[in-house]
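Dear colleague,

I am handing over the structure below, and my notes on what was found in it follow directly after. Please keep in mind while reading that this is a predicted model.

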Amino acid sequence: MQAAFRLARHSTSVRSANSIRCLATTANPAHIASASSASSSSSSSKASIISLSNVEAQWEKMNAEDKSTVHEQLEEIMKKDWKQLSLDEKKAAYYVAFGPHGPRAPVSKPGDGWKIFAGTAALVGVTGIIYYAIRIFSPAPPRTINKEWQEASNERALEQKMNPITGIASEGYSGKGFVQK
């Protein structure tokens, strides 16, 4: 009951400006080829047929001209009542409009996640090695960083009454002063 809609496409890459592609409601390739050759006097090549149910598989192999032709033909089909469209026509229209091609194509391939994870882990490992190499070959910290020196700095600040309003020499001061560790 349901007619098989087919798209006609020339098999050669050279196309004339007068070449017209048509949506045929017949599965007879000879009828489509004769209709194409009748409308175009310069194209004498045979036409190959692309089924609307197979647009998803053929889309990546089509050239830009064929893609635009399929898109235009599907626009004409979609002007009809959607209840009258076949399931293949609806699927083809959805794929052309929202399929994973063009700007909606996936950015990464399957398995790229593991490659990214391994690369990130390797970079973190190299960074750790560089960190520990720097720590091993760096000179000892200065003698003014040890706790005894900092406590002696606190005593010296109290002797000199350094910052008597809010600092270490003020009344009721409860901070650590110069001690950092």
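The axes of helix 3 (residues 64-78) and helix 4 (residues 87-98) come within 10 Å of each other, and they cross at roughly 125°. Because angles over 145 degrees would count as roughly antiparallel and 65 to 115 as roughly perpendicular, helix 3 is described as oblique to helix 4. The crossing in which helix 3 passes helix 4 is left-handed. On the side of helix 3 the contact is made by Val70, His71, Leu74, Ile77 and Met78, which meet Glu89, Ala92, Ala93 and Val96 of helix 4. By residue class, this contact of helix 3 with helix 4 divides into seven nonpolar residues, one polar and one charged.

A second item concerns an annotation taken from a record. In UniProt, where the entry is unreviewed, residues 116-134 carry the annotation "transmembrane region". In the model, the chain over residues 116-134 is 100% helix and 0% strand, with 27 Å between the C-alpha atoms at the two ends.

Is asparagine 154 buried or exposed? Its relative accessibility is 13%, and because buried means under 20%, asparagine 154 counts as buried. If neighbours within four places in sequence are left aside, asparagine 154 is in contact with Ile168, Lys176, Gly177, Phe178 and Val179.

Note on methods:
Residues numbered from 1 in each chain as written. Predicted model: local features only at pLDDT ≥ 70, side-chain atom pairs only at ≥ 80, totals over all residues. Heavy atoms only, no water. Axes fitted to C-alpha atoms, helices over the stretch in contact; angles between N-to-C directions. Helix = DSSP H or I, 4+ residues; strand = E, 2+ residues; numbered from the N terminus. Parallel < 35°, antiparallel > 145°, perpendicular 65-115°, else oblique. Left-handed = near helix turned anticlockwise from the far one by under 90°. Contact = heavy atoms within 4.5 Å. Nonpolar A, V, L, I, M, F, W, Y, C, P; charged D, E, K, R; others polar. UniProt positions renumbered as here; feature names shortened; annotations may be inferred. Buried < 20%, exposed > 50% of the residue type's maximum accessible area, 1.4 Å probe, protein only.
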